[in-house]
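Work through the exercises below with the sequence and the model open. Each task is followed by a solution in steps.

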Amino acid sequence: MVTILYFARLKEALGTAREELALPQGVANLGGLRASLASRGDAWTRELAQSKSIKAAVNQEMAGPDTPLKDGDEVAFFPPVTGG
Amino acid sequence: MAVRIQTEDFDLGAETAAMRRGNPAIGAIASFVGVVRDVNEGDAVSEMTLEHYPGMTEKSIEDIIEQARGRWKVLDALVIHRIGILKPTDQIVLVIVASAHRGDAFAACEFIMDYLKTRAPFWKKEKTAEGARWVDARVTDDAAAERWKSNAGNS
């Protein structure tokens, strides 16, 4: 199982802030997980499409699509940051 | 070195005094205060809400301070970032850097702020007459952070 967190615009559009998910068959990295989530349809497909500028973190470190995933990881998807 | 994420306001004078008294080697203190503006993208803003990623936000700012310490001679640094609901004229963010000399303090303070803008997980949602909207990231903020990559610093 991995924990997936969603923030800001993404959290509102998807209607969820957090979920626990067993890594789907064949999903070994962050890019694979994003593609799998994007295949859920509706807002998931729209918001997580490759064309969307979405950032991600694994275990609270910024991470790219090739970052490997394992059981127990905390994954987060969010829009580009706008603090300060 | 300290990072605080809080809903409460902060006091630049009190924080600077505390830092100064904590270390007699300090010869220069540079600070930056970010403030909520009443206009963004041409629309009047009456209020904004700051969201963050508890845990990662603190870690990412601590990492930015560590990077600054690797480039300049930093004796102490403090970052306070507010979250929750803020209104125009409210303070949002405070960066204070103390060094022996001003060059290090100025540069490290600006570096920390530029990196925070593009790397620390915060998101602003602002309220305008047309309703609430999430603020889009700015290309100019990316450019401000990028320029430090080709700049070896002054040390």
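**Exercise 1.** In which helix of chain B is the place of Asp114(B)? Decide also whether Asp114(B) is buried or exposed.

Solution. The model is predicted, with pLDDT of at least 70 needed for local features and 80 or more for side-chain atom pairs, while totals for chains, interfaces and linings use all residues. Residues are numbered from 1 along each chain as its sequence is written, chains are lettered from A and ligands numbered from 1 in the order in which they are written, and side-chain values use heavy atoms, without hydrogens and water.

Step 1. Asp114(B) lies in helix α3 of chain B, residues 102-119. Helices (H or I, at least four residues) and strands (E, at least two) are DSSP runs numbered from the N terminus.

Step 2. The relative accessible area of Asp114(B) is 12%, so Asp114(B) is buried. The cut-offs are under 20% for buried, over 50% for exposed and partly exposed in between, with a 1.4 Å probe and protein chains only.

Step 3. Beyond its neighbours within four places in sequence, Asp114(B) contacts Ala144(B), Ala145(B), Arg147(B) and Trp148(B); contact means heavy atoms within 4.5 Å.

**Exercise 2.** How many residues of each chain are in contact across the interface? Give its buried area and salt bridges.

Solution. Step 1. The contacts join 20 residues of chain A to 25 residues of chain B.

Step 1. The two chains bury about 1900 Å² between them, 55% of it on carbon and sulfur atoms. Buried area is the accessible area (1.4 Å probe) that two parts lose on being put together, summed over both.

Step 2. Three salt bridges cross the interface. Glu51(B) forms a salt bridge with Lys11(A), with the closest N and O atoms 3.2 Å apart.

Methods:
Salt bridge = Lys/Arg side-chain N within 4 Å of Asp/Glu carboxyl O.
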